[in-house]
Amino acid sequence: MKFVVRPQHIVSLGGYIVEVNFPYRNMIVVNPTNEPIKVDLPIFNTEWIEEHRKLGLDITPTKDEDSFLRIWRKEKAKLEKIKERSS
């Protein structure tokens, strides 16, 4: 299945992770570009992260012990700065 991350948009892909032998609980994906980018879902392995970073996405994996909300806000703030610079 393909999922499109809109330009300058942030999404959480935790519901699309197949948790067998996967070290992360959630995945914050930011598209800082001005173009939509397709991602492959579900997420089966850690190679997915590097493959999608090469497409231009900023990907932040989170673990159980991480504060998802704090990381989300940090990534959202970075995206807002990118939006300000591009407008």
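Which residues does N31 touch, not counting residues up to four places away in sequence? Select N31 and show its surroundings: the list is V5, R6, P7, Q8, H9, P36, I37, L57 and L79, where a contact means heavy atoms within 4.5 Å.

Before going on, a word on the model: it is predicted, local features need pLDDT of at least 70, side-chain atom pairs count only at pLDDT 80 or more, and totals for chains, interfaces and linings use all residues. Residues are numbered from 1 along each chain as its sequence is written, and side-chain values use heavy atoms, with hydrogens and water left out.

**Stay on N31**

N31 sits in strand β3; helices (H or I, at least four residues) and strands (E, at least two) are DSSP runs, numbered from the N terminus. Its relative accessible area is 0%, so N31 is buried. Buried means under 20% relative accessible area, exposed over 50%, and partly exposed in between, using a 1.4 Å probe and protein chains only. Now draw two distances from the N31 side chain: 3.0 Å to the backbone oxygen of V5, and 2.8 Å to the backbone oxygen of E35. These are polar contacts, meaning a pair of N or O atoms within 3.5 Å; within protein, one must be able to donate a hydrogen and the other to accept it, and residues adjacent in sequence count only if both atoms are side-chain atoms.

**Next, the sheet**

Show β2, β3 and β5 as cartoon. They form an open, antiparallel sheet in the order β2-β3-β5, with β2 (9–12) and β5 (58–62) as the edge strands, each pairing on one side only. Two strands pair if DSSP finds at least two bridges between them; β3 and β5 have five. Look for I28, which stands opposite T60 in β5.

Click on T60 itself. At 18% relative accessible area, T60 is buried. Its side chain makes a polar contact of 3.5 Å with that of E75. Leaving out residues up to four places away in sequence, T60 touches N26, M27, I28, I71 and E75.

**Into the core**

Select L13, M27, V29, I43, W48 and I59: of the 15 residues in the largest nonpolar core, these touch the most other members. Such a core is a set of buried Ala, Val, Leu, Ile, Met, Phe, Trp, Tyr and Cys residues joined through side-chain atoms within 4.5 Å. β3 (26–31), β4 (37–40) and α1 (47–53) each supply at least two of its residues. Then pick out I10, I28, V30 and L79, which are among the five residues of a second, separate core.

**Last stop: aromatic rings**

How many aromatic pairs does the structure hold? There are three. Rings of Phe, Tyr and Trp (its six-membered ring) pair if their centres lie within 6.5 Å; planes under 30 degrees apart count as stacked, over 60 as edge-to-face and the rest as tilted. F3 is in strand β1 (residues 2–5) and Y16 is in the loop between β2 and β3, 13 residues apart. F3 is partly exposed at 25%, and Y16 is partly exposed at 32%.

Finish with F68 and W72, another tilted pair, with 6.0 Å centre to centre and 35 degrees between the planes. These two are four residues apart in helix α2 (residues 68–86), so about one helical turn separates them.
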